[in-house]
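Thanks for sending this one over. Here are my notes, in the order in which I would go through them with you on screen.

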Amino acid sequence: MPSRRQFVQRSAALFTLAAAPWWTRSAMALLTPDQLLQRTIPSSGETLPAIGLGTSRTFDVRLDDAILKPLENVVRNFINGGATLIDTAPSYGAAERVTGALLQRTNAQDKVFLASKISANGRERGLAQFDNSRRALQTARIDLMQVHNLQDTRTQLALLRDLQAEGKVRYIGVTHYLESAHDDLLEVLVREKLDFVQFNYSVAERNAEKRLLPYCADHGIATLINRPFQRGQLLRPFKDKPLPDWAMEIDANSWAQLLLKFILAEPAVTAVIPATSNPRYMADNLKAGHGRLPDAALRAKIVQAFS
Ligand SMILES: NC(=O)c1ccc[n+]([C@@H]2O[C@H](COP(=O)([O-])OP(=O)(O)OC[C@H]3O[C@@H](n4cnc5c(N)ncnc54)[C@H](OP(=O)(O)O)[C@@H]3O)[C@@H](O)[C@H]2O)c1
């Protein structure tokens, strides 16, 4: 369900759209000047902010006030920046419980699009895990449920379809984080009708450009991109390096934004989900969802800069 704020934003955008002459409408459809970039979920037509938030390791912490404080500010910056998509999983230690607690503390439960996963063998274990996730996240319904790393895919997708029919899940999908699994992901996408697929894609891992991204574009499947910074590894050597002048041409003022804009320039990408425990990094990452995106020549320069 869109929040009231999203509803008002979208109504205003639609009003502007309706008032515009027909020949300008398609260009205006998904972005107003100060709004975070939005992309459409093909199976429903619902829009989703293109910058999300991962929670692996960064949200696996003790439920302790002092430890939660910076993460609370990550979530505040995230919500205030117009983002909604949070990706978590039962296998990320305490991350689901911490996500639930942070959403309570920031009063943001109805402002987010929650994605979690099932990583279990057998229907009963899958169902028990799903119920635990709902308790941990303090929600009756989870927006997107994904089969984690293709574990027991057939059984868990059948379960997720039933949960979707009962209204406990809105969208379903599958995930992986290795290029060696891209063909297996494709096989599932050909066999099953899914709303979402999540996989790794970055300047350093471009295999998805060959078949996965084009297949999703052609078949109306939303894509979530994990490991955009390869767990931060891509950014480490650039900590104190000045940005190249051409970064200005795409309104980027950090190396992280260059990496995220490289990914978002792929039209088949619905959203990218960088993880962070640092409120400053959160604000930085959100800026990648504003301003211009690189064309082919600038994308090549980004690849070159990181190679
Ligand atoms: N199989 C799967 O389904 C699967 C597998 C992998 C990942 N995922 C999902 O994808 C998400 C993202 O992947 P990931 O967590 O592996 O790695 P990632 O997002 O590529 O990198 C995260 C690291 O980047 C650093 N970082 C974030 N923003 C930064 C910035 N602006 N400047 C400098 N450093 C920055 C963070 O540092 P700090 O910690 O200091 O903030 C963090 O250590 C995961 O959290 C998870 O939700 C799913």
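1. Let's start with helix H9. Its buried residues are Trp 255, Ala 256, Gln 257, Leu 258, Leu 259, Leu 260, Lys 261, Phe 262, Ile 263 and Leu 264. That makes ten of ten residues buried, and H9 counts as mostly covered. Note that Gln 257 and Lys 261 are on this list along with the leucines.

2. What lies over H9? Among the elements that cover its buried residues are strand S9 (222–226), strand S10 (271–272), H10 and helix H11 (296–306).

3. Setting aside neighbours within four places in sequence, Val 272 is in contact with Ala 50, Ile 51, Gly 52, Ile 225, Pro 228, Leu 260, Ile 263 and Leu 264. Of these partners, Leu 260, Ile 263 and Leu 264 are buried residues of H9.

4. Now to the ligand. Its shell consists of 29 residues, and the closest are Gly 54, Ser 56, Tyr 177, Asn 226 and Gly 232. By class, 16 of the shell residues are polar, nine are nonpolar and four are charged. Helix H10 (residues 279–287) gives the largest share of the shell, three residues.

5. Two backbone angles deserve a look. Asp 152 has a phi near 50°, a positive value in a residue other than glycine. Asp 152 sits in the loop between strand S6 (142–147) and helix H6 (153–165). Asp 152 is partly exposed, because 18 other C-beta atoms lie within 10 Å, and a residue needs 20 or more to be buried.

6. The other angle belongs to Arg 231, where phi is near 60°, again positive in a residue other than glycine. Arg 231 is in the loop between S9 and H9. With 15 other C-beta atoms within 10 Å, Arg 231 is partly exposed too.

7. Finally, a word on confidence, as this is a predicted model. The protein averages a pLDDT of 92, and 89% of the residues score at least 70.

Conventions
Residues numbered from 1 in each chain as written. Predicted model: local features only at pLDDT ≥ 70, side-chain atom pairs only at ≥ 80, totals over all residues. Near = placed C-beta within 6 Å. Helix = DSSP H or I, 4+ residues; strand = E, 2+ residues; numbered from the N terminus. Nonpolar A, V, L, I, M, F, W, Y, C, P; charged D, E, K, R; others polar. Contact = placed C-beta atoms within 7 Å. pLDDT = per-residue confidence, 0-100. Buried ≥ 20, exposed ≤ 12 C-beta atoms within 10 Å, placed from the backbone.
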